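Trainee: I would like to learn how to read a protein model one feature at a time. Could we go through this one together?

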Amino acid sequence: MNDAAPKVYLIDGSSYLYRAFFAIARLSNSKGFPTNAVYGFTNMLLKILREKGAEYAAVAFDAPGPTFRHEVFGEYKAHRPAMPEDLRVQVPPIKAIVSSLRVPVLEKEGYEADDLIAAMARRLEREGAETIIVSGDKDLMQLITPRISMYDPMKEKTFGIREVREKFGVSPEKVVEVMGLMGDSSDNIPGVPGIGPKIAAQLIEEFGSIEDLLGNLPRVKNAKIRALLERYAEQARLSRELATLDAAAPLDWQPRDLRLGEPDRKALQAIFKEMEFSKLLKEFSEKGDPRADDYRLVTRREELGELIGHLRRAGAFALDLESTSLEPMRAEIVGLSFSWQPHQAFYVPVGHSYPGAPEQLPREEVLGTLRPLLEDPALKKYGQNIKYDSLLLANAGVRLRGIAADTMIASYLLNPSRHRHSLEELAREYLDRQIITYSDVAGSGAKQVLFSQVEVEKACRYSCED
């Protein structure tokens with residue numbers, strides 16, 4: 001590896017498939033496709049990549065089919081139920097997301113994800129890299145060294161040599177010896193019946209290994225424990241073999257292959273759109289090129305007259321009103337925006353009142369000038385939740401006529417089960433575009449201001465884009 005002692009994150013993908021699936025309650029898109037594992041896994045992966053600032057990483061998955069452990073012990077993991085169908089169908093989109101994020105995938109027939117992590121971690125260690133294994137699986141603690149640690153994002157805990165000793169009572173290289181005696185019910189590794197983790201740790205601390213223990217049974221003082229070890233000696237050896245990760249597993253990847261690439265945003269948009277992950281879709285959507293948009297302020301009477309002429313000749317246009325409240329009966333109009341052709345819109349500010357606000361045409365004058373246009377039923381008007389705009393205008397003495405369509409209603413008719421029908425979500429789905437949000441210009445929570453306090457230039461771009 002070229003970078004001086006880089007950090008590499010090896011993520012236990014197979015473990016987190018299940019953890020995400022069971023950690024998040026039933027979740028599906030409007031088509032009924034389950035999405036809980038996809039959502040949980042994706043957020044976990046993104047959190048690692050962002051918070052840790054990872055430049056090198058890989059996700060390891062179990063390959064379908066048996067492994068060498070099944071050959072030596074046919075009952076290995078035999079008690080585990082088959083992968084739930086709702087989880088199985090989510091594996092392909094999860095892998096597609098990992099691939100689209102340009103994170104390398106480690107997967108090889110005949111080997112578990114843990115073995116591939118072990119082999120890669122040891123190789124990275126030899127090359128001087130620092131490896132962080134991302135998992136909550138105790139089996140992987142046998143790999144920990146001064147240059148290999150384990151991080152469990154669910155518990156937000158890092159395991160080094162000291163933490164392994166606290167958990168198992170032995171150093172990392174002795175973990176497989178302890179597991180050989182105590183077994184592991186999750187993997188159906190039998191161990192020695194009657195010997196738990198505390199006794200196992202004490203025996204290994206005293207004798208060093210299972211072989212040394214079995215070769216010195218007369219020295220075991222507890223007669224009951226000695227009898228158990230005599231009876232289950234071969235089972236202890238087998239259990240140790242099953243618990244040992246194969247650090248010599250053949251790898252088709254070099255450490256340099258684990259450098260992260262630039263995410264494929266278009267591919268991610270398509271997946272997140274299908275899964276209906278609005279937050280993730282927003283994050284990975286391409287923002288519109290501001291150079292392609294012609295948004296103009298109208299602050300002079302002659303400009304307003306020209307605008308009205310364009311709208312009348314167009315015969316149809318979209319309009320959007322900005323106000324001081326979501327409640328139309330209490331709101332005051334702050335501005336009006338109009339558009340009749342792609343990439344061009346006009347904003348007429350009439351109520352921005354912050355200190356230093358530019359001069360604007362009087363609200364009553366603007367509405368009086370626009371009244372014939374807005375009340376003409378022959379001119380088609382389009383809007384988003386246009387009923388709200390209609391009520392605002394009615395309160396100001398203007399009766400909006402000629403309403404041709406409402407995109408919010410259209411969205412509901414196309415997909416009644418959609419969670420939200422906001423313009424922001426519709427723009428992402430149908431235009432692959434991330435638009436400016438209300439909170440972008442007015443703030444959010446306790447810091448949110450009335451639209452009348454938003455700078456006219458920001459209000460222009462926001463309203464015109466709508």
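Predicted model: local features only at pLDDT ≥ 70, side-chain atom pairs only at ≥ 80, totals over all residues.

Trainee: Is P197 buried or exposed, and which residues is P197 in contact with, leaving aside its neighbours within four places in sequence?

Mentor: To judge exposure we look at relative accessible area, where exposed means over 50%. P197 has a relative accessibility of 51%, so P197 counts as exposed. Leaving aside its neighbours within four places in sequence, P197 is in contact with V178 and M182. Residues apart along the chain can also be compared by their C-alpha atoms: those of P197 and K167, 30 residues apart along the chain, are separated by 9.6 Å.

Trainee: Is S149 buried or exposed, and where is S149 found?

Mentor: Here the cut-off is the other one, since buried means under 20% relative accessible area. S149 has a relative accessible area of 16%, and therefore S149 is buried; its place is in strand β5, residues 148–152. If we leave aside its neighbours within four places in sequence, S149 is in contact with T131, I132, I133, I144, T158 and F159.

Trainee: How should I read a helix that has several buried residues, and which residues of α17 are buried?

Mentor: The general idea is that an α-helix has 3.6 residues a turn, so residues three or four places apart point the same way. In helix α17, residues 386–395, the buried residues are I386, Y388, D389, L392 and L393. Seen down the axis of α17, these buried residues fall within an arc of 150°, so they line one face of the helix.

Trainee: What do the buried residues of α17 pack against?

Mentor: They pack against the strands β8, β9, β11 and β12, and against α16.

Trainee: At what angle do α15 and α16 pack, and how is that angle read?

Mentor: Helix α15, residues 301–314, packs with α16 at an angle of about 20°, and their axes are 11 Å apart. Angles under 35 degrees count as roughly parallel, and α15 and α16 are therefore roughly parallel to each other. In their contact, R301, L304, I308, L311 and R312 of α15 meet E365, V366, T369, L370, P372 and L373 of α16. By class, this contact of α15 with α16 has 7 nonpolar, 1 polar and 3 charged residues.

Trainee: At what angle do α8 and α12 pack?

Mentor: Helix α8, residues 175–182, and helix α12, residues 233–243, pack at an angle of about 130°, with their axes 7 Å apart. That angle makes α8 oblique to α12, and α8 passes α12 in a right-handed crossing. The residues V176, E177, M179, G180 and L181 in α8 meet A236, S239, R240 and A243 in α12.

Trainee: What should I look for in the backbone angle phi?

Mentor: Most residues other than glycine have a negative phi, and most peptide bonds are trans. H343 has a positive phi of about 70° although it is not a glycine, and H343 lies in the loop between β9 and β10. N385, also a residue other than glycine, has a positive phi near 55°, and its place is in the loop between β11 and α17.

Trainee: What is the relative accessible area of H343, and what is the relative accessibility of N385?

Mentor: H343 is partly exposed, with a relative accessible area of 47%, and N385, at 32% relative accessibility, also counts as partly exposed. Just after α17, G397 takes a positive phi of about 90°.

Definitions and conventions: Residues numbered from 1 in each chain as written. Heavy atoms only, no water. Helix = DSSP H or I, 4+ residues; strand = E, 2+ residues; numbered from the N terminus. Buried < 20%, exposed > 50% of the residue type's maximum accessible area, 1.4 Å probe, protein only. Contact = heavy atoms within 4.5 Å. Arc of directions from axis to C-beta. Axes fitted to C-alpha atoms, helices over the stretch in contact; angles between N-to-C directions. Parallel < 35°, antiparallel > 145°, perpendicular 65-115°, else oblique. Nonpolar A, V, L, I, M, F, W, Y, C, P; charged D, E, K, R; others polar. Left-handed = near helix turned anticlockwise from the far one by under 90°.
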